[in-house]
Amino acid sequence: MEKPLTQHIRADKRPLTLKEYEQVGGYEAVRKVLKEMDPKSVTTLVKESNLRGRGGAGFGTGMKWSFVPLNAPKPKYLVANADEMEPGTFKDRILLESTPHQLIEGMIVAAFAIQADIAYVYLRWAYKTAGHAITRAIEEAKSAGYLGKNILGSGFDLEIHLHTGTGRYMCGEETALLNSLEGKRATPRAKPPFPQVSGLFGRPTIVNNVETFCCLPHIINNGPDWFKQLSRTGDAGTKIYGVSGKVKRPGAWELPMGVTMRELIEEHAGGMQDGLKFRGALPGGASTDFLVEQHLDVKMDYTDVAAAGSRLGTGTLIILDDHTCPVGFVRNLEHFFAQESCGFCTPCREGLPWVEKILTSIDAGEGREEDLQLLNFHTKYLGPGNTFCALAPGAMEPLQSALKYFREDFERHIQDKECSYRGKEVSAVH
Amino acid sequence: MLTAAEKHEIDKAISLVPVRKAAGIEALKVVQDHRRWVSDESLRDVAAYMEMSPEELDSVATFYNMIFRRPVGRHVILLCDSISCWVMGYENIRMHLTKQLGIAYGETTADGRYTLLPNCCLGTCDCAPALMIDHDLYRNLTIDQLDEILKKYE
Amino acid sequence: MATLYIDNKPYEVQAGKNLLETCLTLGLDLPYFCWHPAMGSVGACRQCAIKVFKDGDDKKGRLVMSCMEPVIDNQRISIKDEEAHEFRGHITEWLMTNHPHDCAVCDEGGSCHLQDMTVMTGHAYRRFQYKKRTHQNQYLGPFINHEMNRCIQCYRCVRFYKDYAGGNDLDVFASKGNVYFGRHEEGVLESEFSGNLTEVCPTGVFTDKTLKQHYTRKWDLTTAPSICQHCSLGCNIIAGERYGKLRSITSRYNGQVNGYFICDRGRFGYEFVNAPGRIRKPLINGQEADKEKVMQALAATLQRGNVIGIGSPRASLQSNFALKTLVGEANFFHGVSDKAHNLSALILRILREGSARTPTMMEVEKADVVFVLGEDLTNTAPMLALAVRQSALQQPLQEVEKLNIPLWNDAAARELMQDQKGPIFIVTTHATKLDDIATESLKMSPSEIAQLGFAVANLLDSTAPADQHLTPYVKNIAQKIADSLSAAKHPVVISGSSCGSEDIIKAAANISWALTKKNTQTGIVLTVPECNSLGLAMIGGRALSSALEAGKAGRAETVIILENDVYRHGVKSEVDEFLKTCAQVVVLDHTITETMHKASVAIPAGSFAESDGVLINNEGRAQRFFQVYEGHTEIQESWRWLLAMSMAMGNSTMMPWKNFDDITRAMVEAELLLKGVDQITPSADFRINGQRVPREPHRYSGRTAILANINVSEPKPPEDTDSPLSYTMEGMRGEPPSTMIPFFWSPGWNSVQSINKYQQEVGGALRGGDPGIRLFEPVEQGSVNYFTTVSEKFVSKEGQLLIVPLYHIFGSEELSARSLSVEQRVPEGYIMVSAKDAIALNVHEKQTLSFDIKGQQYQLPVRLSDTMPSGVAGLPNGLKGLPYVELPAWGILNRA
Ligand SMILES: Cc1cc2nc3c(=O)[nH]c(=O)nc-3n(C[C@H](O)[C@H](O)[C@H](O)COP(=O)(O)O)c2cc1C
Ligand code: SF4
Ligand code: FES
């Protein structure tokens, strides 16, 4: 099984130095791109590879780049979205901490494709180890001539700066991220215009996820067909999947796109903890719909998970077991979303705290019959397009699916005026 | 008054962006690194240095949860309260800390040693529950490790 | 044009406009909050949701925010769609979760956009059961009250205050359900436009604190269309009264003059009208006397002859004209200094005889290059400063258009433009608040400003005279400005009388004329000191000094002074002397001034709120203000008093004049330049379906009970013989002619947002045309007769400083400075000295500097300026305690 993104990660997780990275073929893609290709053909190649963005939305990467006006005057910007704050998600951390040069190489490739001259790594503040690794890697790459002016004599210039965030989930949303980079409040921007046309400081900008960038060197080196065949399905490449919750071996693994949820949980995560049964899972972070037992054999790619009524999202599963209260589970999520709303648009700013309050009261055995209706109205009207950005719709995904799959739990809380799971939770065993 | 060291670091942040104001948040972080939190007075000093009004800068400062606009203790405990940690029973950790330190979320111990704050997902969900103290991450927490960990922070 | 199907009905509309604006223009009701016609869309509130359908077969459709979508030809949308309607109801429901529901005690109640929208969306039943979040309020100064709990987070306040008006001390704080709009800490809001927050805020967060002192609901105000009296721009206002007190001023939309907004001087400066010490009956030697007796006494005096009249730049045309007619042109004086007189005459000449047109303020907003010479606009003509601020975006907006971003997409446009501005060039004697948008801002002495101006004109057209002795630096700048102006599509040159320099105005004129040779779109804007300075200049008469001479020559046995504190226009000792020589000093005014104190006969004139009249603004636009309420006791219009005097003395010309229309007609016949002034508004006998236009809305409450404690039978309401307005709520319903809208209201739209219903298209002209008649347009080009260059060059003098006038929006203007709220913002007197001179003189900030100007002694604390050129100093104009002195003038330093 090929694991291009992670195979060179050292057992001790120490980041690969430039030398180590070069020894395993690092920066070959940069050489190839700068010496043998033109920007357009890089974009075409990436389009052909069928790479879809790993940040959650799964938008075609090559397609996204193609909207950047190539002849626009400088500066143009490229941003690596390393904000990773989606609860349940910890995949970019691995890449950032262990193989920073891979990210930088991917960024150089992308920057060349869109002819960007300035790039930022927008890193969440909590990733201290990653911060050190990237700072060092940028320095190394600079002194080796992979960054700076006239890279490898190609005439192409690029500087990369590390920018650490200051908290807030919203900063991961690509337009809010741009506002944040401009030193402003991280509220999102209206689209259109898309960042490709008017992004950072009003200039053409591309934002991609860390994992997306990490795929690029391998696509350049091995070609689009190779990348496609890595996958078991129509969505190309490998994917870093993760599992958290009460399984025997929580963790993350690079696997072919399209492994099933069952394989992930049973083979890689070692199955459920003893005495616990699987009740459901959020397949790709906090803002995806629950999948339940009947979906265990769904292939974890963009297309099939969507067909099953959810989203691949970040591909990191959060498991709900049968001793954990689904109402409490969703309450915790909605608390998060209500806290992280940027406060710009009405439905999200006012709706999410209301949802949280209702769930808290149901959870506490103080729910009322009408509450379920109220929750339903929120799931209906906090949908995509109704709010300014995708945060609130994302927040509704676990709620609406929980109301669908675990409705009896909600009703029981309201009827019994208590939570029957209390005391049932098995404390974490390590 | 900003110190020379603070100004130096802020200048560096300014050099990385095309407009001065864009480094406003960075400047606040610099000051917070030096003073643990950003008082009204510090905020006004930074604003003046950044050629912004206090309003403009405070608007940004109060948006981000990692800019502390109220005093914090010598060490800030950031306890992850997001979903995987919740499933893995972080609430036990919270109760223990609350009891042990005698403070609730948002409070600082009387000796000014610790401030306890909730924090969303620390991105280490496979090792839940987790918390950070200052720059250090602790994962796969159990209650019995807590006292040992706390001891390290004077 | 495009066809848009709304609920299956086709409409011909303009492609590219946003759907919300389009629906509103079509007269359809669609709720919104964050959108504002002057500020565009950001899509925050989500209140304006509608359905868009792919085609005729699509029955499901998709919810979109109408303010964020452009009109596309053949598009099908629905406002009535059930889901859209329900969603809009939920938006209001969400907004109301934390709202305190305190309408009964809220100043916004009855004119509240939130109330209107709540009714419109149909949200009526509260389902949210939990605790509301609460906020603390802030003290924001004497003008604005803050009540944050009522906030619905539409972000309009910060968008207006920061983005539109350039303020930086109001902002949004925190995030999520906790966002807070206010200041970093309590304190006075610094923007000169802060009052607009009360109209921009859709609910009761920011309200008029002065109204609060004598609160009345909008529906209980008697209102009339009026014109602001506090500078020369002539912003349109609505003035509201109850129980004989003027209670509030709000902006009255005029699509060419002030648009949606007014400045704080205009909004809060009205309280002088309510001054407790105002005289309400005539006084003879300080003793109240009734009208007949006074008239008899005056008739005798007047018949004796040797009567002169002193008019006023702050009185209406009608009053000035009546005085002029009463005393005869040879005995009529303007009551302004020689300098002010000459400057106004010069400006009038430039506007009437020059080749450049004065753009309206709304046209200034669209200027793509602006050159300001010598004017501190924020303090002398505040709304013009606001217009220039908008013009600074014109060139950057062209980039936005190039990328096909609609200009109404405000946030997107600003993200693309970032901090790009201009080109705007500002050359003044000291730093001004507008400098922040200037491409180049230079500080020079008045004559250097003029020299630079002449140089620019010469570079634009070599036949314009040039100055030979410019430094290379100034030459360079002049070239830059000239290049920029020639490349502009709509260049505007702005100057005015505030520097007291004819040369500067002439230089500005030369520039504009030189430019019109290449570009007929060139505009020139010249400000004058007062609300009717230009009007006064148009009706012949000499300067104050001539009146003083007449006094000396014994030709002024009686002087009639019309709404003028002559001490503000002439040197104290000379005025004292003059008044002493007059046997009778008759003063008509609504305000107790120093001059009024010297009156042997004091006559209670109506303020603008108690009067009808016409003013001419700096653009040459004649505008009518209507009486809001009848003056108490014996207060009445000055012109009416003057008619009474003419009657008493048997003046045959004036005897037939009975009312406003009579005097206006006579004036238009007598004064060539005022042709058309009688056409501004319909005459007093105008009726709609036989009915008058009511000053009170038909929701006015309790009128018949007002005096019930005294008498249950209702007194007969006064009859207005001067205008077609009625003083009650009785009269026509519906839309009055655009020139006489007493209040904006439309069914379902109680707030000021109802303006949409009065416009031809949203943000455009009022239906029936924007009020006011422009009295002059530029002459055909080619007739340019350039002014010659600077008469006297600036050379600094040892031991002296050239003292130039400085202006304060609050304090420099006479009437507004007497308003209780404005008074709190008036600075103490000071002398502004350049940092360099301060070192040479060895004075520090706040230290007292003693000097004399033309023999008048001054001892004032020093304010240091980093920008003022050395050798020049600034003295605030018109502040209480600072007697009149003609500036610029040399100040001789007294060294102790
Ligand atoms: C509320 C919110 C938070 C997000 N957080 C992240 C994040 O932390 N990291 C990330 O890569 N993408 C995040 N995204 C998605 C980004 O907006 C964007 O789609 C992504 O960075 C694009 O990269 P890709 O095309 O490589 O997937 C978030 C989106 C939303 C709506
Ligand atoms: S949905 Fe609205 S309030 Fe929520 S995060 Fe997005 S823009 Fe902000
Ligand atoms: S008016 Fe359209 S979203 Fe607010």
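Reply: In this predicted model, two rings of Phe, Tyr or Trp (for Trp, the six-membered ring) form a pair if their centres lie within 6.5 Å. Planes under 30 degrees apart count as stacked, those over 60 as edge-to-face, and the rest as tilted. Under this rule, 40 aromatic pairs are counted over all chains.

One of these pairs joins Y21(A) and Y27(A): the ring centres are 5.4 Å apart and the planes stand at 85°, so the pair is edge-to-face. Y21(A) is buried, its relative accessible area being 6%, and Y27(A) is likewise buried, at 0%.

A second example is formed by F290(A) and F329(A), whose ring centres are 5.4 Å apart; their planes meet at 50°, so this pair is tilted. F290(A) belongs to the loop between β7 (278–282) and β8 (291–292) of chain A, while F329(A) belongs to helix α12 (residues 326–340) of chain A, so the pair ties together parts that are 39 residues apart in sequence. Buried means under 20% relative accessible area; F290(A), at 1%, therefore counts as buried, and F329(A), at 0%, is buried as well.

Ring pairs also build a cluster, which links W354(A), F377(A) and Y381(A) with F87(C), W94(C), F128(C) and Y130(C).

The charged end of R76(C) is placed over the ring of Y5(C), 4.4 Å from its centre. In chain B, R20(B) lies over the face of Y49(B), at 5.2 Å from the ring centre.

Note on methods. Residues numbered from 1 in each chain as written. Chains lettered and ligands numbered in written order. Predicted model: local features only at pLDDT ≥ 70, side-chain atom pairs only at ≥ 80, totals over all residues. Heavy atoms only, no water. Buried < 20%, exposed > 50% of the residue type's maximum accessible area, 1.4 Å probe, protein only. Helix = DSSP H or I, 4+ residues; strand = E, 2+ residues; numbered from the N terminus. Lys NZ or Arg CZ within 6 Å of the ring centre and 35° of its normal.
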